[in-house]
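Subject: Handover of a structure for your review

Dear colleague,

Please find below the structure that I am handing over to you. My notes on what was found in it follow.

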Amino acid sequence: LRAATPGYYYPALLSYVELPFLATFLAVGRFVGLFENVNTMKESVLLNLGLFIPVVRLMSVIFGVATVYLVYKISHRLFNKTAGLMTAWFLAISYYHVSNSHFAQTWTTQTFFIILSLYFAIKFYQQKDLKMKDCVFGGLLIGLSFGINFVGIIGYYWFVLVHFLKNRKAGFIKIFIKNKNFWLMNLTVLLSIGLIYYANPHGLNNYFNRIIDIDAPAKLGGGGYPSYKIFHLSYLEILYFYIKNILIQEPIFFVLTFLGSIFLWFRERIIFYFLTSWMILYLLMISPLTGVMGRYSLPLLPLMAIISSYFVLQIRKNLNDNIWKILIIAISVYSLFFCVIFDLRMLKEDTRVLARNWILANIPSGFAIKNEDLGEGLSLIENKQSIELIKNIHPELFSTKRKYLFGLSEENYPKLSYLLTTHSDLSQLVPVFDYIILSSFDKEMMDFNASILPKSAKLVKYFYP
C-alpha cells in the first residue's frame with residue numbers, strides 16, 4: 001500500500017481502490033484451492049504478479065462501464081433522457097475509452113472519479129440551496145480524485161464554479177472571502193490531500209521531483225519534464241501534442257465537440273462553463289506538468305461524449321430523419337470498427353510474454369542475461385548474485401521481493417533464476433553475458449541497437465507483433 005520503488009509516482013489512493021479486488025481474488029483463490037496456504041499467497045504476490053493483472057484489468061473495465069453510466073446521468077440532468085442515452089452510447093463506443101479500459105493502469109479509474117466530481121457538482125448547482133454538507137462532500141470528492149492522480153485536483157474548478165453561480169449576486173467578497181461554506185470546502189480539500197500525502201509521500205514527491213527538474217533540457221519528450229516553464233516553447237509543444245493526440249484518437253468526436261461547444265456558448269452558456277471551459281483549463285494545466293503521454297487526455301472523453309451527443313441532437317431538428325440516422329450509424333460503425341480491431345489485436349499474445357516463455361524454456365538457470373530495455377517488466381527471477389549486486393550498488397532497489405528471495409535457502413529458491421542486470425552500471429560489473437535482450441517500440445531503433453553489438457553476437461530469437 002505504500003509503494004516506494006524509484007519509478008513509482010502516483011498518490012496513495014489507487015492502491016486502496018485496488019485492495020478490495022485483490023483481497024477478494026486471494027480469498028476466493030484460497031477457497032477454491034488456487035493457493036494452498038498463506039505462504040503460497042505471499043510467494044504469488046511477490047514472484048508472480050502476472051497472476052493478478054487480470055484482476056486489476058477487470059477493475060479497470062468496471063470503472064470504465066461505471067463512467068458510461070455516469071455520463072448518462074449527467075447528460076440526462078443537463079438535457080434529457082435521449083441525450084443521456086446518446087452520450088452513454090458515444091462513450092461506450094469511443095475507441096480511446098474502450099482501449100484504456102483494457103489496461104491495468106490508473107487512467108480509467110482516474111476518469112471515473114473526475115466524472116463523479118462533475119456529476120455531483122452539477123447536482124449541487126441544480127438543487128435549490130448549497131448546504132454545508134454539500135461543500136464538505138465536494139471537498140472529499142476533489143481529494144479522492146487527486147488521490148488517484150494529481151490531475152484530479154482540477155475538479156476543484158467545478159465546485160468553485162457552483163459556489164460562484166449559486167452566490168453570484170452577493171459580490172466577490174461575500175462569495176469567496178466571507179463565506180464559511182467555501183472555506184469549509186477548501187479545508188476539506190487540504191485535509192484530504194494531506195491524508196493522501198501521509199498515506200504515501202513517496203509517490204507525490206517522486207512525481208513533482210520529475211516535473212521541477214531545473215537541470216533538465218527544455219525540449220519536448222526528453223530530459224525529464226521541463227515543461228513546467230510555462231512560457232517555454234516546450235509548453236506549447238506539449239499542449240499541441242495533446243490536442244493532436246485527441247484529434248488522431250477520436251477525430252469524429254473531436255469535430256463534434258468543437259461544433260457542439262460553439263452551440264453551447266450561444267445557447268447554454270452555463271453548461272459551456274461546466275464542460276468546454278473545464279476541458280480547456282485541463283489541457284492548459286497538464287501541458288506544463290506532464291510529458292508527452294496521451295493517456296492524460298482520457299478524462300476529456302466523457303465530456304466530449306456529452307457535447308457531441310448534444311450537438312447531434314441539436315442538428316436533428318434541421319436534418320431529414322433518414323440522413324440523421326445515417327449520420328449516427330456512420331459515427332457508430334467508424335468507432336466500433338476500431339474498437340473491434342483493437343480487441344482482436346489484444347487477443348494476440350504479448351511479445352514480452354512470448355520472450356519470457358522462450359527464455360524459461362530454453363535458457364538454463366544461472367546464465368547471465370543483460371536486460372536493460374525491458375527491465376523488471378519481463379518478470380524473470382534474479383539469482384542471489386544479481387540481488388547482491390543490487391543491494392550493494394543500488395540499495396534503494398532492494399525491494400520486498402528481492403529481500404524475500406535473498407532470504408530463501410538454496411533448496412527453496414526458484415529453480416529457474418538468472419544473473420540479470422537491468423541497469424547499465426550493473427552490466428559493467430558482469431564480464432561476459434550469455435544473452436542480451438533488446439526491445440523497442442521503434443523498429444529502426446531496434447535495428448540500430450542490434451547493429452552496435454559485438455560482431456560475435458548472434459540473433460537466437462526474434463519476436464515482433
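What volume does the second largest pocket have? Its volume is about 350 Å³. Of the 14 residues that line this pocket, F254, T257, F258, M279 and I280 are the closest to its centre. The elements that give two or more residues to the lining are α12 (233-249), α13 (251-267), α15 (276-289) and α16 (300-315). Among these, α13 gives the most, with five residues. The lining divides into eleven nonpolar, three polar and no charged residues.

Some conventions apply to these notes. The model is predicted, local features need pLDDT of at least 70, side-chain atom pairs count only at pLDDT 80 or more, and totals for chains, interfaces and linings use all residues. Residues are numbered from 1 along each chain as its sequence is written, and side-chain values use heavy atoms, with hydrogens and water left out.

On a 1 Å grid over the protein atoms alone, a pocket is an open set of points with protein on both sides within 12 Å along at least five of seven lines, whereas a cavity is a set where a 1.4 Å probe fits but cannot get out; lining residues have an atom within 4 Å of a point. Grid points are joined across faces, edges and corners, and a volume is the space filled by probe spheres set on the points. Ala, Val, Leu, Ile, Met, Phe, Trp, Tyr, Cys and Pro count as nonpolar, Asp, Glu, Lys and Arg as charged, and the others, Gly among them, as polar. Helices (H or I, at least four residues) and strands (E, at least two) are DSSP runs, numbered from the N terminus.

Cavities

The search of the whole structure finds four cavities of 30 Å³ or more. The largest cavity has a volume of about 110 Å³. Its lining is formed by N371, G375, E376, L378, S379, L380, E382, S399, K401, R402, L420 and T422. These lining residues divide into three nonpolar, five polar and four charged.

One of the lining residues, S379, is found in the loop between β1 (368-370) and α19 (384-393). The phi of S379 is near 55 degrees, a positive value in a residue other than glycine. With 32% relative accessibility, S379 counts as partly exposed; buried means under 20% relative accessible area, exposed over 50%, and partly exposed in between (1.4 Å probe, protein chains only).

R402 also belongs to the lining of the largest cavity. The C-alpha atoms of R402 and F367, 35 residues apart along the chain, are separated by 18 Å. F367 is placed in the loop between α18 (351-362) and β1, and is partly exposed at a relative accessible area of 30%.

Helices

Helix α10 (residues 180-199) has 20 residues, which should span 28 Å at 1.5 Å a residue, and its end C-alpha atoms are 28 Å apart, in agreement. The expected span is 1.5 Å times one less than the number of residues. The buried residues of α10 are N181, F182, M185, N186, T188, V189, S192, I196 and A199. Seen down the axis of α10, these fall within an arc of 155 degrees, so they line one face of the helix; the arc is that of the directions from the helix axis to the C-beta atoms. On the other side of α10, K180, L190, L191 and Y198 are exposed. At the start of this helix, a side-chain oxygen of N179 reaches to within 3.0 Å of the backbone nitrogen of N181.

Helix α7 (residues 132-148) has 17 residues and reaches 25 Å from its first C-alpha to its last, close to the 24 Å expected at 1.5 Å a residue. Among the buried residues of α7 are D134, C135, G138 and G139.

T87 has its place in helix α4 (residues 81-92), and counts as buried at 0% relative accessibility. The side chain of T87 reaches the backbone oxygen of A83 at 2.8 Å.

Helix α17 (residues 321-346) contains I341, which is partly exposed with a relative accessible area of 35%. I341 and Y95 are 246 residues apart in sequence and 9.8 Å apart in space, C-alpha to C-alpha.

Before the helices

Y8 lies in the segment before α1 (13-32) and counts as buried at 17% relative accessibility. The C-alpha atoms of Y8 and T40, 32 residues apart along the chain, are separated by 26 Å.

With kind regards

Terms used: Polar contact = N/O pair within 3.5 Å; in protein donor to acceptor, adjacent residues only side chain to side chain.
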